[in-house]
Amino acid sequence: MGEANLLNQTTSVTYIRLRGLSVNQKVQMAVFAMFLTFYVLTLIGNILIVITIIYDRRLHTPMYFFLSNLSFIDVCHSTVTVPKMLTDTWSEEKLISFETCVTQMFFLHLFACTEIFLLTVMAYDRYMAICKPLQYMTVMKWKVCVLLAVALWTGGTIHSISLTSLTIKLPYCGPDEIDSFFCDVPQVIKLACTDTHIIEILIISNSGLISVVCFVVLVVSYAVILVSLRQQISEGRRKALSTCAAHLTVVTLFLGHCIFIYSRPSTSLPEDKVVSVFFTAVTPLLNPIIYTLRNEDMKNALNKFMGRLEGRGKK
């Protein structure tokens with residue numbers, strides 16, 4: 001009897017079942033069409049932003065350097081979850097191997113945490129450009145921008161490794177189903193056949209704390225920026241407000257999810273799936289829309305780039 005119990009405790013789960021967004025076939029087809037549209041537009045929009053920034057030398061500034069990083073991250077972030085979800089709409093079982101699940105968790109947190117750090121760096125860039133314009137080019141040199149990019153990617157990697165290693169060390173020998181359409185740490189650790197109270201505290205103190213602290217820093221940064229804008233001329237104020245409003249919209253949508261999911265114990269709520277949809281599929285699509293439709297420089301560069309492509313096509 002003792003050997004049997006030991007075997008049961010050490011048997012690992014090889015596959016995990018994902019419940020997905022719905023069990024209704026018609027709803028699943030509607031979800032497939034919607035997510036496929038979102039994903040294709042996300043790829044086109046963000047890749048077009050990166051190419052345009054590389055193509056147009058007028059956009060070779062720190063702000064657009066970080067914006068191109070944001071677009072690249074959004075492509076990767078969306079690709080981690082959406083293709084698997086699209087495939088699962090045609091599958092009844094919706095299985096994912098435990099190894100693939102862990103890989104998905106790793107890259108999900110890598111890109112999410114890196115984006116949080118990037119949004120914070122972008123807020124600092126806007127603060128320097130608006131509040132200290134005379135010092136801007138001295139402080140935000142290309143060497144500094146590259147070092148900041150390396151630092152935020154390194155920070156995201158360390159965060160992801162720490163969370164993933166905590167998750168895979170747990171014993172999984174019982175339930176094998178999570179109520180989601182992708183693997184994330186809070187859902188997966190609930191499958192562990194051991195007490196996960198300490199792990200949940202570590203998740204809250206890690207992901208939750210990072211989200212809350214960065215959000216506070218961002219809000220304070222924009223408060224300082226808004227105060228500074230009161231002293232500027234109307235045209236400069238309008239352009240700066242437009243840029244800051246776009247950035248703040250992205251920050252609220254993205255960090256809102258992180259605070260909602262990772263700043264509380266691992267308990268399932270009906271709103272979790274809706275919030276996760278925005279996190280994985282909608283926000284990466286909104287970023288190119290927000291940053292292009294509200295930015296005259298980007299719109300002009302895009303029009304110039306598309307015009308050149310049309311000219312080559314006619315030849």
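Predicted model: local features only at pLDDT ≥ 70, side-chain atom pairs only at ≥ 80, totals over all residues.
Colleague: Is Cys-214 buried or exposed?

Modeller: Buried means under 20% relative accessible area, exposed over 50%, and partly exposed in between (1.4 Å probe, protein chains only). Cys-214 comes out at 9%, so it is buried. Cys-113 is buried too, at 2%.

Colleague: How many disulfides does the structure hold?

Modeller: It holds 2. One joins Cys-101 to Cys-183, with an S to S distance of 2.1 Å. Cys-101 sits in helix H4 (residues 98–131), and Cys-183 in the loop between strand E3 (177–178) and helix H7 (185–188). Cys-101 is buried at 0%. Cys-183 is buried at 0% as well.

Colleague: Where do the helix and strand names come from?

Modeller: They are DSSP runs numbered from the N terminus: helices (H or I) need at least four residues, strands (E) at least two. This chain has 11 helices and 3 strands. Along the sequence the pattern reads α-β-α-α-β-α-α-α-β-α-α-α-α-α.

Colleague: Which cysteines form the other disulfide, and what is its handedness?

Modeller: Cys-173 and Cys-193, with sulfur atoms 2.1 Å apart. The torsion about their S-S bond is about 130°, so the disulfide is right-handed. Cys-173 lies in the loop between helix H6 (142–168) and E3, and Cys-193 in the loop between H7 and helix H8 (197–229), so the bond ties together parts 20 residues apart in sequence. Cys-173 is partly exposed at 26%. Cys-193 is partly exposed at 36%. With the bonded cysteines numbered in sequence order, the pairing is 1-3, 2-4.

Colleague: What does Gln-104 touch?

Modeller: Contact means heavy atoms within 4.5 Å. Gln-104 lies in helix H4 and is buried at 6%. Leaving out residues up to four places away in sequence, Gln-104 touches Val-80, Thr-81, Lys-84, Ile-96, Phe-182 and Cys-183.

Colleague: How many aromatic pairs are there?

Modeller: Rings of Phe, Tyr and Trp (its six-membered ring) pair if their centres lie within 6.5 Å; planes under 30 degrees apart are stacked, over 60 edge-to-face, the rest tilted. The count is 10. Phe-32 is in helix H2 (residues 25–55) and Trp-90 in the loop between helix H3 (62–88) and strand E2 (95–97), so the pair ties together parts 58 residues apart. Trp-90 is exposed at 56%. Phe-106 and Phe-107 are also edge-to-face, at 5.1 Å centre to centre and 85° between the planes. Ring pairs link Phe-72, Phe-106, Phe-107, Phe-111 and Trp-153 into a cluster.

Colleague: How many salt bridges does the rule give?

Modeller: The rule asks for a side-chain nitrogen of Lys or Arg within 4 Å of a carboxyl oxygen of Asp or Glu. It gives 7. Glu-93 and Arg-17 meet at 3.8 Å, N to O. Glu-93 is in the loop between H3 and E2 and Arg-17 in strand E1 (residues 15–18), so the bridge ties together parts 76 residues apart. Arg-17, Glu-93 and Asp-176 are linked in a network of salt bridges.

Colleague: Which side chain does Arg-19 meet in a salt bridge?

Modeller: That of Asp-179, at 3.9 Å, N to O. Arg-19 lies in the loop between E1 and H2, Asp-179 in the loop between E3 and H7, 160 residues apart. Lys-84 and Asp-88 bridge at 3.1 Å. That pair lies within helix H3, 4 residues apart, about one turn. Lys-84 is partly exposed at 22%, whereas Asp-88 is buried at 6%.

Notes
Residues numbered from 1 in each chain as written. Heavy atoms only, no water. Disulfide = S-S within 2.5 Å.
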